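Welcome! Take a look at the sequence and the structure below, then work through the exercises one step at a time.

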Amino acid sequence: MIDPHPEASNSDEFKGFDEARRIMWRHEARARVYERIMQTGFIDDANVAAVHVENTSRADRVFLVAFDKAGQQVGVDTLYIDEPNQHLDITPEFDHDFTGMDVVPDSHLDQSISRENGWVVNLRVLREYDPLADRRATQRVVFLAHLQDMLKNGDVRGFLFGRGDLDDTDTA
């Protein structure tokens, strides 16, 4: 995946910060795809197996086309983009290529993919997505990325993982 912000530095001084920023961008993209597709009826429609996201022809909207398992078109929708943070960037975690989704050759879905004017969301994977679990996992990974910088700079010398049982005598 191409990072959405090319101005990100590649400085070794803030390697953990840069990694944390990339992790957060990817989390935000996953959450945005989930939230925006939840605004459609596609998630609740068990007949929909994939959604083609056409996000290249217009900057102010995203055209969605839903397909069944046989690759036949079963619905369409349009999501309007009022703010730049509503754009549906490719998220490998949901993309049909990265998730190994089968595409029926010569189907409507296969034809949409061949036009190369967007990307395809595997709805099976999107339906299994747990935004809260993803947020918590991302929080931990971002913390560890920042911890790398803090250890290197001497800001942190020791730490404990886990919740532990603290009582009033243990807190300062």
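## Exercise 1: The largest pocket

The lining residues of the largest pocket comprise nine nonpolar, five polar and five charged ones. Here Ala, Val, Leu, Ile, Met, Phe, Trp, Tyr, Cys and Pro count as nonpolar, Asp, Glu, Lys and Arg as charged, and the others, Gly among them, as polar.

Before going on, note that this is a predicted model, in which local features need pLDDT of at least 70 and side-chain atom pairs count only at pLDDT 80 or more, while totals for chains, interfaces and linings use all residues. Residues are numbered from 1 along each chain as its sequence is written, and side-chain values use heavy atoms, with hydrogens and water left out.

**Task.** Find how much space lies in the largest pocket and which residues are closest to its centre.

**Solution.** 
- Step 1: Start with the term. On a 1 Å grid over the protein atoms alone, a pocket is an open set of points where a 1.4 Å probe fits, with protein on both sides within 12 Å along at least five of seven lines; lining residues have an atom within 4 Å of a point.
- Step 2: The space in the largest pocket is about 270 Å³, where a volume is the space filled by probe spheres set on the grid points, joined across faces, edges and corners.
- Step 3: There are 19 lining residues, and Ala49, Lys69, Met101, Asn122 and Arg124 are the closest to the centre.
- Step 4: H4 supplies the largest share of the lining, three residues.

## Exercise 2: The nonpolar core

**Task.** Work out which residues of the largest nonpolar core touch the most other members.

**Solution.** 
- Step 1: A nonpolar core is a set of buried Ala, Val, Leu, Ile, Met, Phe, Trp, Tyr and Cys residues joined through side-chain atoms within 4.5 Å. Buried means under 20% relative accessible area, exposed over 50%, and partly exposed in between (1.4 Å probe, protein chains only).
- Step 2: Among the 22 residues of the largest core, Val121 and Leu126 touch the most other members.
- Step 3: Two or more residues each come from helix H1 (15-38), strand E1 (50-54), strand E2 (61-67), strand E4 (119-122) and helix H4 (123-128). H1 gives the most, four residues. Helices (H or I, at least four residues) and strands (E, at least two) are DSSP runs, numbered from the N terminus.
- Step 4: Leaving aside residues up to four places away in sequence, Val121 touches Val33, Ile37, Ala49, Ala50, Val51, Val53, Phe94 and Leu126, a contact being heavy atoms within 4.5 Å.

## Exercise 3: Charged pairs and a histidine

**Solution.** 
- Step 1: A salt bridge is a side-chain nitrogen of Lys or Arg within 4 Å of a carboxyl oxygen of Asp or Glu. The whole structure has eight.
- Step 2: In the bridge between Asp134 and Arg30, the closest N and O atoms are 2.9 Å apart.
- Step 3: Asp134 counts as buried because its relative accessibility is 13%, and Arg30 counts as buried at 10%. Arg30, Glu93 and Asp134 are linked in a network of salt bridges.
- Step 4: For another pair, turn to Arg21 and Asp18, whose closest N and O atoms are 3.0 Å apart. Both lie in helix H1, three residues apart, about one turn of the helix.
- Step 5: His27 is also found in helix H1. Not counting residues up to four places away in sequence, His27 touches Asp134, Arg135 and Thr138.
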